[in-house]
Amino acid sequence: QNEKAGIGVAMFGSMPSVGLYFGIYSFCKKTFNEWDPAASEQRQTLYIALSAAIGNTIASASRVPYEVVKQKLQTGVYASMGDVMRDISFRTLFPVGGIAS
């Protein structure tokens, strides 16, 4: 219905998740390299891939709530942020299976 309805939510929701991704990625990469410094050069690609996977998994989980809110604003399920605030719960922000309405 209104593709611009969730733009504010998207802007403010994506910033923390990007920061979270890079913070976790950097921490994991540093930690993996410190575990076995002698083999870190040989395993650099593995450490980068694991760090990216861990960072992306956690960052993705942090993006779910604002994506749900953005999509519900865009499809008209919520008419305003007031509606969002009245309906906010863990179950509405992290829907279980299928397509949430």
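This is a predicted model: local features need pLDDT of at least 70, side-chain atom pairs count only at pLDDT 80 or more; totals for chains, interfaces and linings use all residues.
Residues are numbered from 1 along each chain as its sequence is written, and side-chain values use heavy atoms, with hydrogens and water left out.

Thr92 sits in helix H4 (residues 90-93); helices are DSSP runs of H or I with at least four residues, numbered from the N terminus. Because its relative accessibility is 15%, Thr92 counts as buried (buried is under 20% relative accessible area, exposed over 50%, partly exposed in between, with a 1.4 Å probe and protein chains only). Leaving aside neighbours within four places in sequence, Thr92 is in contact (heavy atoms within 4.5 Å) with Val68, Lys72, Tyr78 and Asp87.

Turning to the aromatic rings, the structure holds 4 aromatic pairs (rings of Phe, Tyr and Trp, the last by its six-membered ring, with centres within 6.5 Å; planes under 30 degrees apart are stacked, over 60 edge-to-face and the rest tilted). The rings of Tyr21 and Phe22 are edge-to-face, with centres 5.0 Å apart and planes at 75°. Phe32 and Trp35 also form an edge-to-face pair, at 5.2 Å centre to centre and 65° between the planes. Both residues lie in helix H1 (residues 7-35), 3 residues apart, about one turn of the helix. Phe32 is buried at 10% relative accessible area, whereas Trp35 is exposed at 64%. Ring pairs also link Tyr21, Phe22 and Tyr25 into a cluster.

Charged side chains come next. The whole structure contains 4 salt bridges (a side-chain nitrogen of Lys or Arg within 4 Å of a carboxyl oxygen of Asp or Glu). Among them, Lys30 meets Glu34 at 3.9 Å, N to O; these residues are 4 residues apart in helix H1, about one helical turn. In helix H2, Lys70 and Glu67 are 3 residues apart, and their closest N and O atoms are 3.2 Å apart. Lys70 is buried at 16%, while Glu67 is partly exposed at 26%. Arg86 forms a salt bridge with Asp83, with the closest N and O atoms 2.6 Å apart.

Methods. Helices (H or I, at least four residues) and strands (E, at least two) are DSSP runs, numbered from the N terminus.
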